[in-house]
Structure formats: C-alpha cells, structure tokens
Amino acid sequence: MKLTVSNIAKAYEGRVILKDCSYSFDRNGTYVLMGPNGCGKSTLLRICALLEQADGGTVTYGENGAVLQPDMALRRRITLVLPRIGVFNTTVSRNVAYSLRVRGIAHAEIESRVNKTLAFVGLDQKKTQQARTLSSGETQRLGIARALVLDPEVLFLDEPTASIDEENTRIIESIINDMRKQNRSKVIMTTHDHAQAERIADRMLVLEHGILKG
Amino acid sequence: MNSLIQGFVQAIDLILHLDPVLFGIIFLSLKVSGLALLIATAFGLPAGALLGLKRFPGRDLAISTANTFMGLPPVVVGLFVYLLLSRKGPLGFMGLLYSPTAMIIAQTILATPIVIALCQSAIVNVDPIIRQAARTLGATPRQVTLTIIKEARYGILSAIIAAFGRVMAEVGSILIVGGNIAGYTRVMTTTIALETDKGNFELALALGIILLAISFSINSILHAVQKKGTVTVS
C-alpha cells in the first residue's frame, strides 16, 4: 500500500503548524520523521493516520494503481501508537486483544495472535497482569503490541521511546528493526533523537517551519 | 440499658428463628428498593452516559439539575407522589396510592438523579486518551462509546450501589405513599419507626441490625469495587 501526502497544511487557533508537507511513502521500511518539539510531527502523523483532518492538501492511500477510499476499512489497515498509549483498565492480554475483538475476529485466532505478539515484544510473561501496573517502558511495548497484533500495513509510532529508559529503548528499536527485516509494512515514526534515527531509519525526513524535507 | 440488651437478644432470636413476619418485611424492602433501583438504572445509566459523552445545548443545565436532585428530601418526593396518585390527583384513577407500586415510584424518583449524576461523573472522568486509543485501534464510534462506558464500569457500579444504599435507608417518602400497611406496604424502615413508637423494641432492633448489616455489605462491596478500579498507574 502506498501513502502520498500532498501540500498538507494545518493551523490551530491561527497558529500555522504545517505549511506545505508533501512526500510519497512508496516502499516498505522505516521512515523517521525528525524535528524539534512542537514542530508538528505528531499532527502530521495523526493526519496521515486519518485521525485528524488537514486544513489543506490531501492524504492518499493507493494500491495497485487505484486510490483507496478513506473509510473504516482503510483505517483498519493502518494504526497509530500514541506517545501516551491509553491503557485499558484490564489485563495485558485483553489490551492486546482489543483491536482484534472490535474487528469481530474469532476467539481462537485472537488467542494465538495475542500470544505470538506478546512473545515478539517480550511481554509474554506478563499476559495476565493488570496492564496499568506495567512500567513505563513495558507500557510502551504494550502499545506497540496492540498495534502489531493487527499486522498493519502502515504503522505510525509517535515518539515511541520519548519517556522510557535505555533498556526499553533498545528493546523497542530491536522490535522496529525486526519489522524492518520482515519488510511487510511501513513504519513511520517520529523522534527528536538524531542518533536513534541514524540507527533505525531507512529514510530520514525533517519537518522544519511547517515544511517537510525528504 | 437493660431493655436495650434484652431487645438485642430478642432481636437475634427473631433472626435466628427465621421469624416469618420479619422475613416478609425484609423481602418486601428488598423487592421495592431492588425494583426501584432497576428502573432508576435502566433510565439513569443511558442518561448519565449521554451527559458524559455528548455535548449538546442544555447539557450543563441537565447535569446541574441531576446534581441538585441527588439531595431531594424524601418527604418532598413522598408529598409529590402522594398528590400525583391521590384520588383527586392526575393519576388518581390508577388506584396506586398505599401500594408497593407507589413506593417503587417514590424510590425511583429518589434513586434516578443519583444514578444519572454519578454515572455522568464516572464517564466524564475516563481519561480522554482512551477515546483516542480506541480510535487508533480501529474501533467504530459505537465501539468507542462502549469502551469508554466499560472503562467507567467501577464508577458506574459505585453509582448504582450508592443509589441502592439511599433507597434502602429511606423512610419519609414510602411512609407517605405506602401508608405502612402490615403485610402489604410495611418495610424495614417504616416498621422500625412504627415499632419504636409502640415501644416494641425487639422487632425494631432486629430490623435495625439487618438494615445495618445490609448497609455494611453495600459499603464493603463499594469499597472493594473502588479498590479494584484504582490500579496504580505507573
């Protein structure tokens, strides 16, 4: 699936955040979007993930030369992990199962996919634990697990390692690198850590003064 | 002091020997309050959810009204329902005055604002990030709403239990609209009032003990529910 953003503009209460953002995310792999705090990275990510409307410009998803309608079916093929993931007040495994349950997937399949994903992010030992008792690093991994269980074609990660320790940062980077090796999806993430971007990016993009530079 | 101890001992005896009059009164109390709570929840939970989830004109007024009505004086509600159901009242033709149905109506009026206001508060206090998280994970608008209500479940349960506590302990309105008729509309609280007046402390005390036990159980459940819902957020 191809993602193209063209001339995206966005302002909040008269303050221009995004002026003119255009880019074509053609290939699978890891795209890292960089820029200083408050430059509009998260806004651009939410617009790309179809969770927010731009004031101007277009976000287009395409497949085999055809343009896909921005409907629920398309929204369910992509997902965004928020910087604060919003933990549901239940167990770790039920948090991960959530996105599959809302899609009406059969119980047996949910169980197998949840177990596989929890093992992938290293939380399999904590599956029955209350999710709100996890550490902040584990919580961030839970957020990634909730998205990965869907096997999304485009995964947006908004500052996934911003507020966690080195150990968990390393684990998350290794999860992203594993996904990169599988080459089945696009990962589009934001960070303000240049060294991290160097470590994991296939392509680095910079957002500055509301303009996206590839 | 002696009569109090004597009354207490006789009260325990009544409870242990499963006195049919005593248990008839307890059963009617639970039936009236339980049904009132059921109706109040059926109406109050959706209304509270609507007030907690949606923005519409008049919402603030509705919330303020529900909050104010939480403290409705039971005798005023009793008087209102009495005037409504009395022979000359607009619903007098139904012949409901001095019946358990009239008591259920009065208690429903008392319980509903509690359920509405506390459910609204529980729902509005769910972290807004939950709504966003549900959306990012592909939930439909209806599923997002259900997720928020589910996240507020401990607060909602607390609201229902609080309303039950209020109606179980209430005496003013049901005395006015029920008439305290033996074997028909006599419940725990009205019996306690009547038997105390008559100086018959055994039955009054027995019912007092049971009422306290029920109240204690409700509070214990409430505490356990709140404790379960308050998980440490790291």
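The questions and answers below describe a predicted model of a complex with chains A and B.

Residues are numbered from 1 along each chain as its sequence is written, and chains are lettered from A and ligands numbered from 1 in the order in which they are written. In this predicted model, local features need pLDDT of at least 70 and side-chain atom pairs count only at pLDDT 80 or more, while totals for chains, interfaces and linings use all residues.

Q: What radius of gyration does chain A have?
A: The radius of gyration is taken over C-alpha atoms, and the globule rule is 2.2 Å times the number of residues to the power 0.38. With 214 residues, a compact globule would have a value near 17 Å, and chain A agrees with this, at 17 Å.

Q: How many helices and strands does chain A have?
A: Helices (H or I, at least four residues) and strands (E, at least two) are DSSP runs, numbered from the N terminus. In chain A these come to 7 helices and 10 strands.

Q: Which helix of chain A has the lowest mean pLDDT?
A: pLDDT is the predictor's confidence in each residue, from 0 to 100. Chain A averages 92, and helix α3 (residues 92-101) of chain A has the highest mean among its elements, 96. The lowest, 89, belongs to helix α6 (residues 166-182) of chain A.

Q: In chain B, where is confidence lowest?
A: The mean pLDDT of chain B is 90, and 96% of its residues reach 70 or more. Confidence is highest in helix α5 (residues 100-124) of chain B, at 97. Where pLDDT is low, the predicted coordinates should not be read in detail. The lowest mean, 77, is that of helix α1 (residues 2-16) of chain B.

Q: Which helix gives the most to the side of chain B that touches chain A?
A: The contact (C-beta atoms, placed from the backbone, within 7 Å) takes 25 residues from chain A and 17 residues from chain B. On the chain B side, α6 (128-136) and α7 (141-151) each supply at least two residues. With 6 residues, the most comes from α6(B).

Q: Is α8(B) largely enclosed or largely open, and how many of its residues are buried?
A: Helix α8 (residues 153-168) of chain B has 16 residues. A residue is buried if 20 or more other C-beta atoms lie within 10 Å of its own, exposed if 12 or fewer, and partly exposed in between, with C-beta atoms placed from the backbone. Among the buried residues of α8(B) are B:Ile160, B:Phe164 and B:Met168. The helix is largely enclosed by the rest of the structure, because its buried residues number 12 of the 16.

Key: Contact = placed C-beta atoms within 7 Å. Expected span 1.5 Å × (residues − 1).
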